[in-house]
Amino acid sequence: MNIHIHPKTFFLSLFTVLVAMNTAWGHGGHTAESPHFAYDPATVNNAHMTESPDFYQPALGYRGGEKRPWMTFLHFESGKGDSIWAAPFIGGQLDTPMQISAKPGYYAAPTLSGDWLTYEELPSKDGKWRIVAVRLDGNDTPGAPVVISMPGSHAINHRVAVAPNGDLWFVWQGENKGQYDVFARSLMVDGTLGTIEQVSTTPAGDWRPAVSVNTHGDVCVAWDGFTGESFDVLCRWLKNDAWGPVRTVAGTTAFEGRPDVATDSQGKTWITWEEGATGWGRPFRGVEGPWNNVTDAYGPVHRFRKLHVAALDVDGRLVPLPFPVPMPSFERAATQENRRPGATQLGVYYERPKLTVDASDRLWLTYRHFFQKQAGLAEDTEHHVEYGWGIYTRCLESTGWSAAYSFDIHQRDGMQRLASLPTEKGLLVAWATGRTDRRDDPMPRGIATGEVEHASGPAPLSDAASPRRLPETQAPVSNSSDDAPRGVAAPDLDIYYGDLHRHTDLSLCFPFFDGSIEDAYRYAIEVGGLNFLGITDHTRDLNHGDALAQLWWRCVKEARRHELDGAFMPLFAFERSHRETDHNVISLRDDRIQDFPPPLHTYWEDLGKDTFTIPHAPFRDRTWDRQDDAHRPLAEIYQGCRDYDSQEHVHKGLDKGYRIGFIASSDHLSTSASYACVWAPDGSREGIFRAMQARRTFGATTHIRLLFKAGEHWMGEVIESETVPAFTLRVAGTAPLELIEVLHNGKVVQTLDTKGSKQFSTEFMPDITLRGDDYIYIHLRQKDGNRAWSSPIWITAPKE
């Protein structure tokens, strides 16, 4: 998405932003106030940056019997990939690191647990992500790698806990029959591997597991699972070698996810999670210009976040705390002047909670936070502003939560890792930070670390609230996208639904609303019912389109990590914006990213057969000055972000003889309102891509099924004929059909009687006169307002 601003407004806004950046960031990057963002009051501690801006994904731990903390992390090398390193802290500073990985490659989530270092790796581009563990001996030499996860399926987002007897327990989010499930496995002290066990049992997708082992050796696994309505926090215990039932920790209609668990020396297990809005990922359309129709209950995936902490016992009881986590920005938002109706929580974020128990059995909660002050105001929502999350931590004592501590360096995007570790005097925190967007960003990049010292307070909190027995988890209700009609089919082809224009917080436009890369994939796979997704963040916000930069490397890794064979396929995509020629680029290759210049027509010349572009709606007059049917086969007929129908403007290109098929796309903010629908032989990256090149597509605002053919010729094809052929149309709607229009050369020439049914099938021959180069397509509307547009079929005069 590219938002066009009057030059005078732009320079005034730029001046305001630069002043705000200077005020907000200052020397170290933290403040309590800025024009757009506010942060909770806290004792601000100095943070320190590690030596390289290419360090990222830190984790903290203790090795064996050592008392000094260690950090493991990834080091990105341009043109090569990641390598895994580990180093101890000496005198509060990171000592000389040692390399764990033998060669650069695809790695993720390095984790230190006792004498073992674990990580995720992709052995080859056409392989599967797997979890690997290596033992570090006394000479700091990595041992032989041990593969923890099952072969033949992706394993991501792993966590590890050390049992009292030294055994390790692994949990991970694993690919399983087209969805994600949670799996667990033990690695015993003697190196023996236990059996891989599936922990989650519900038929929908499960995400982000966490694990803890209490003093009795009981294993607690918590995760969030999709219910058909939203995400719930779930848990399951392993006691006496037997798994108990799956129980629901948090099960409202709101988004509830990303749990963490920790256990103290008395055997008490603590759990935390974040809660978001209701209607997460459900149909939402934006309003261009003011962008101010978002409310607490209606809007994009990242409207607000709040935190919960409770005690959890092995018998399935949850003990709420008598002291909720202090989140004062919610009160400030609710009492803010000029707040729009229904937006009392909008723009307040407390998220990504981490639990740690220190040597005094005090529970520490570490999280990130900001308050986007103008997100919920009645006035226009300002965009292209970002100052990052403040990193916060608090300690739980018998009288409640301690005052907050924070650090003077912020975290900058939703996928950057946050880690904490107890020390003798308090807490050590590490986090990845930095952006490489279109601004001249004064903030550092790399890994920041900071320490908190907190004097021993009163005795640890004892249970003061009545326990609540957790219900056993029921099978989730059906997802509405799974209820899509199945009445329209074709031999050897099926419909695959996707989105080819979606942004995350890596784009500078709406980083506070768009959510992280993971949010995009969660939405697509679970709520949106998509089979493919192209995340199209701006090249100018992806280190100016540098294919060898760390940020694009991270984007490619996440695309490969979220492949679900036969069910969901991420595409390599980005938005190449330049004033009136904004285009999204879709490719089979992961190295095609390139910023402007060169101009579009020159850019097309170098794309080959594995990359094409899609013009960005709303279109400008210059959009149709040139055309390359092979490298611009599709256009956005509808966009959910602006609730914008491009039908009339696309006619300008079609009237010039351009061969342009149709899709619908989301852009920013919008969810479950725009679908690129493709008739393809399979759901592979290649199969979907080639079907789009053939323009065998239609755009829709819900999971409508539509088939439009002329004999054996599909929509998107060109027919040579002197006469009007007979057309076949089949539709399966999600609601009763209200209107079906046949358009010839941009004009409605026939309206088909649907009789108000959801299913419609007919063969027809419109009464039209051919001019020698004609296009015909279908537009339909359901009674609930949802719509669909077929790609055209072209009829040309036979060649002599």
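Predicted model: local features only at pLDDT ≥ 70, side-chain atom pairs only at ≥ 80, totals over all residues.
Q: Which side chains make polar contacts with the side chain of Gln627?
A: There's one with the side chain of Asp629, at 3.0 Å. Another, of 2.6 Å, links Gln627 to the side chain of Arg632.

Q: Where does Gln627 lie, and is Gln627 buried or exposed?
A: Look in the loop between strand E39 (611–615) and strand E40 (634–639). Buried means under 20% relative accessible area, so Gln627, at 19% relative accessibility, counts as buried.

Q: Leaving aside neighbours within four places in sequence, what is Gln627 in contact with?
A: Trp604, Arg632, Tyr658, Arg659 and Ile660.

Q: Let's move to a helix. Which residues are buried in H8?
A: The general idea is that an α-helix has 3.6 residues a turn, so residues three or four places apart point the same way. In helix H8 (residues 685–693), the buried ones are Arg685, Gly687, Ile688, Phe689, Ala691 and Met692. After H8 comes Arg695, with a positive phi near 60°.

Q: And how do I read the open sheet of four strands?
A: Follow the order, E13-E14-E15-E16, where the pairing is antiparallel. Strand E13 (155–162) and strand E16 (197–198) are at the edges with a single partner strand each, so one side of each has no neighbour in the sheet.

Q: How many bridges pair E13 and E14?
A: Six, in the antiparallel sense, with E14 covering residues 168–176. Val162 has Leu168 in E14 as its bridge partner.

Definitions and conventions
Residues numbered from 1 in each chain as written. Heavy atoms only, no water. Helix = DSSP H or I, 4+ residues; strand = E, 2+ residues; numbered from the N terminus. Buried < 20%, exposed > 50% of the residue type's maximum accessible area, 1.4 Å probe, protein only. Polar contact = N/O pair within 3.5 Å; in protein donor to acceptor, adjacent residues only side chain to side chain. Contact = heavy atoms within 4.5 Å. Pairing = 2+ DSSP bridges.
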